[in-house]
Amino acid sequence: MEVKVRPFDCWDDFKNYRIEYYKNYLEAKDKGGIRWAGSAWSFDPVPAGLGEDVYPLTGEPYGATAAFFREFSVRALETIERKGAARDLCGYMRNYWGSVAMDKYLLADGTEIEPFPKPDFNFTIHICCTHAKWYHYAAELEGGVPTYAVDISVGPGYQLDDKKIEYVVRQLEDAVTWMEKVTGREYDDELLIKAVENEAKSMTLWSKICKLNQAVPAPMEEKSMFSFYVMTLLRRSDEKVVKLYEKLYDEVESRVKRGIGALTHEQFRFVTDNPPPWPFLKVYRYLEQTYGAVSVGSIYTFGLGASWIGMDEKGENWIWEPAPTPEEAGYEIHDRRSALWWTAMFNLKYRASWQHEYSHWIRKQETLQMVKDWKADAIIMHLNRGCELWNMSTLEVRDYLVKNNVPVATYEGNMADPREFDEARTFNVIDSFMQSLGIEKLA
Amino acid sequence: MGKNVDDLAQLKQFKEWFDNRHEYAKKWKKKTGGKVVGYYCTYVPEEILYAAGVLPVRILGSHEPESITRPYLHDMYCPFCHDTLAQGLEGRYDYLDGVTLAQSCLHMRQSYFSFVDRVPNIEWDYYLPFPHGVTNPYAADFAKHEFENFKAAVEDWLGVTITDRDLDRAIEVYNKNRELMTKVFEMRKADNPPITGLHAMYMVVSSQVVDKAEHNEVLEGFVEELQDVENDREIGTRLMLIGSEDYDKELFELIEYGMNYPATFVFEENCTGARYFWGLVENGDDRLMALAKRYVYRVPCPAKDWARGDFFGRRRFQFIEEVIKDYNVDAVIIAQMKFCDPHELDIPALREMLDNMGVTHLHLELDLTQPVGQFRTRVEAMIEAMGEEDLFI
Ligand code: SF4
Ligand code: SF4
């Protein structure tokens with residue numbers, strides 16, 4: 001069946017935001033503003049209380065951007081390897097460290113700027129083995145930038161209790177005092193409250209948009225989603241991001257109503273699990289153009305920055321339903337504490353990607369349910385050497401899915417190290433997989 | 001004439017426990033009728049299990065080549081994780097009743113989850129969310145909360161109540177073990193240390209797999225006997241080992257007994273060495289808080305050691321610095337398990353610190369089995385180079 005296809009009206013808005021984002025960080029000091037750096041999972045509403053001229057640089061999207069520009073990436077990786085960094089460490093982090101060590105900063109279009117703009121402080125979280133240590137060493141490379149990391153490894157959301165939330169809230173309260181100290185600024189709780197509300201809105205809106213992709217034909221394919229989801233990782237507490245997602249939601253909803261799809265021939269739907277090999281996104285194009293195969297969802301793209309109900313209270317089933325915003329939950333945010341409490345609770349409980357670190361079972365349920373809900377014919381898994389957290393459980397999940405009659409293909413690679421990817425082999429894997437399922441190449 | 005350490009009955013006992021750890025646990029079970037719980041990381045508050053009459057044993061690998069874990073664990077996870085899971089899959093832990101993990105690195109978790117799912121004799125399992133932020137002031141409070149849950153789960157499983165008296169008894173036994181092993185380590189500051197790294201490894205690892213009370217009895221005798229030991233080996237270069245689960249006897253045999261140049265380990269900063277037992281539980285009214293503080297404030301695993309606002313350093317590095325001075329360390333061997341992220345993440349900064357201290361260091365990447373010849377050449381080259389500097393001066 002031939003499907004109507006349209007480019008996204010809001011495409012340029014998203015693209016421009018990304019371009020501005022890296023520029024704003026670069027130029028923040030010229031305008032007397034503040035720069036901070038940290039994981040994309042940092043509690044980004046918290047530094048927002050320092051003022052309206054506070055600009056973040058989140059490390060994972062920066063690492064992905066660097067990886068996309070292969071030649072820059074290889075230089076960065078080799079520079080940091082010479083300093084003793086092991087090749088099997090997080091690919092994003094090595095690109096970031098390498099960038100700092102080369103003293104070169106990359107803009108979204110690949111322009112290289114010297115020197116690397118040092119942050120005023122690093123503010124991060126710690127859940128995988130890497131996060132806090134990433135910024136600890138980056139701070140040393142940068143000559144001793146003040147660094148604060150929040151430990152969030154309290155267990156899965158469905159087992160959350162007051163003491164666990166309190167552990168995180170107390171660290172965030174200290175973080176506010178610390179930020180005041182290192183920046184010399186007075187903290188504005190009203191800005192924090194607004195940012196916390198925006199964060200919840202952005203994350204929940206993105207999950208609502210993802211849900212719309214359950215439609216057949218799918219209104220979005222994953223390459224476009226890469227450009228959309230990343231806002232939840234760049235600066236989700238920014239009102240402009242909320243507006244972007246509101247616009248996107250309306251557009252995707254309208255595409256569903258009008259039967260506008262992502263591909264002209266959608267003959268095969270699949271989901272994915274890991275970050276893609278950023279330097280080789282053509283894998284997706286190959287699947288689309290050769291087989292009419294569309295990636296309709298991904299544990300990574302959906303789970304990283306969106307908020308979902310997740311495991312039910314008994315820890316038995318995964319529920320892919322958007323989590324409530326404070327307004328929808330009837331929770332009133334009125335001061336610093338209630339704001340910090342909400343952002344801690346909301347992320348710990350509903351951020352999908354903070355759940356499956358705690359058991360294979362969670363990841364298995366999460367994945368199988370995605371295959372079902374997004375009406376996928378199969379899953380294509382990236383055995384990604386670049387991230388030990390996202391690669392967690394993958395083989396056990398594969399085994400589980402196969403036992404549940406889900407066709408699975410796997411290919412090896414690295415999300416952010418262009419030297420670790422075998423293009424020909426990957427295409428071979430895809431061809432054999434499609435053949436085994438009886439999927440013909442498009443004429 | 002003093003005694004030879006290798007002839008000491010206690011050392012032989014440690015070695016026998018190390019070599020036959022599974023047989024020991026099976027016999028213990030038969031003798032006592034108690035339960036045995038395998039633990040995956042040294043952050044597990046063993047005292048709580050011990051207080052309930054359980055024998056906690058550390059899950060270890062065998063350093064034998066295997067291929068049965070490949071369908072479950074990606075090959076980017078460290079050899080220790082593969083090795084431990086392999087032991088479970090091969091039925092070598094068929095006597096375990098339960099298994100637990102105090103939240104540690106992601107690799108170990110993978111192995112633990114698969115172990116729980118795939119080793120059929122496991123009737124009880126517990127994932128303990130131990131804090132990662134041991135450098136932050138709220139970690140002990142949080143750890144205490146998790147220890148309460150852990151204690152309740154153990155009680156529930158066994159149908160017992162763990163009283164304060166039970167905990168006091170367990171803490172006493174464990175503290176004694178720690179004190180005695182610390183005493184042995186202190187003796188290694190001497191110009192002529194009475195034991196080698198291999199001996200220390202037998203002592204510490206055996207303590208992780210046998211009843212601590214029994215271990216203490218032997219250990220007490222060991223401490224006494226060591227006063228009379230006269231070492232006839234040439235100590236040579238005084239080495240410190242920095243690493244993780246380094247219990248591969250071949251590694252010690254190679255470096256301490258198999259090279260053309262004499263060398264002796266005088267300290268092991270790893271979780272089969274000092275990191276396991278350093279630091280006591282300071283007893284107080286609140287037993288679980290006392291335990292929480294000990295585990296949070298012990299020498300941290302690199303997985304948990306990072307900057308946090310007002311504290312920028314690494315606690316472990318401070319400890320390493322002190323040890324280097326106190327034990328008169330000439331050179332450091334960084335024995336890093338292949339693919340081990342927590343250690344790899346510290347290595348650039350660690351190398352820099354050692355360089356700044358003027359301490360020679362060598363980085364070895366450990367696998368399931370070691371390339372002995374290659375390691376020998378590298379360690380010998382390091383020692384040779386150290387000698388060259390002396391020649392020049
Ligand atoms: S290892 Fe993975 S989860 Fe950890 S910082 Fe890197 S990309 Fe993120
Ligand atoms: S060697 Fe490293 S990765 Fe492996 S279990 Fe130990 S700390 Fe974890």
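A:Arg170 is partly exposed, with a relative accessible area of 26%, where partly exposed denotes the range between buried (under 20% relative accessible area) and exposed (over 50%), using a 1.4 Å probe and protein chains only. The model is predicted: local features need pLDDT of at least 70, side-chain atom pairs count only at pLDDT 80 or more, and totals for chains, interfaces and linings use all residues. Residues are numbered from 1 along each chain as its sequence is written, chains are lettered from A and ligands numbered from 1 in the order in which they are written, and side-chain values use heavy atoms, with hydrogens and water left out.

**Salt bridges**

- A salt bridge is counted when a side-chain nitrogen of Lys or Arg lies within 4 Å of a carboxyl oxygen of Asp or Glu; by this rule there are 61 salt bridges over all chains.
- A:Arg170 takes part in a salt bridge with B:Asp141, and the closest N and O atoms are 2.9 Å apart.
- This pair joins two chains, because B:Asp141 lies in helix H6 (residues 139-158) of chain B and A:Arg170 in helix H7 of chain A.
- Helices (H or I, at least four residues) and strands (E, at least two) are DSSP runs, numbered from the N terminus.
- B:Asp141 is partly exposed, at a relative accessible area of 34%.
- A:Arg94 and A:Asp417 form a salt bridge in which the closest N and O atoms are 3.3 Å apart.
- The latter pair links distant parts of the chain, 323 residues apart: A:Arg94 is in helix H5 (residues 91-102) of chain A, and A:Asp417 is in the loop between strand S14 (408-413) and helix H18 (423-436) of chain A.
- A:Arg94 counts as buried because its relative accessibility is 0%, and A:Asp417 also counts as buried at 0%.

**A salt-bridge network**

- B:Asp346 and B:Arg316 meet through their side chains in a salt bridge (3.0 Å, N to O).
- B:Asp346 lies in helix H14 (residues 341-357) of chain B and B:Arg316 in helix H13 (residues 315-326) of chain B, so the pair ties together parts that are 30 residues apart in sequence.
- Both B:Asp346 and B:Arg316 are buried.
- A network of salt bridges links A:Lys133, A:Glu140, B:Glu269, B:Arg275, B:Arg314, B:Arg316 and B:Asp346.

**Strands of chain B**

- Two strands pair if DSSP finds at least two bridges between them.
- Strand S5 (residues 237-243) of chain B pairs with S6(B) in the parallel sense over 6 bridges, and B:Met240 stands opposite B:Phe267 in S6(B).
- Strand S6 (residues 263-269) of chain B is mostly covered, with 7 of its 7 residues buried.
- Strand S1 (residues 36-39) of chain B runs parallel to S2(B), and 4 bridges join them; B:Val37 has B:Pro56 in S2(B) as its bridge partner.
- In strand S2 (residues 55-58) of chain B, B:Leu55 and B:Val57 point one way and B:Pro56 and B:Arg58 the other way, and all are buried.

**Two aspartates in loops of chain A**

- A:Asp188 is located in the loop between helix H7 (162-183) and helix H8 (189-212) of chain A.
- A:Asp188 is partly exposed, with a relative accessible area of 32%.
- A:Asp238 is located in the loop between helix H10 (231-234) and helix H11 (239-258) of chain A.
- A:Asp238 counts as buried because its relative accessibility is 13%.
- A:Asp238 and A:Lys194 are 8.9 Å apart in space, C-alpha to C-alpha, and 44 residues apart in sequence.
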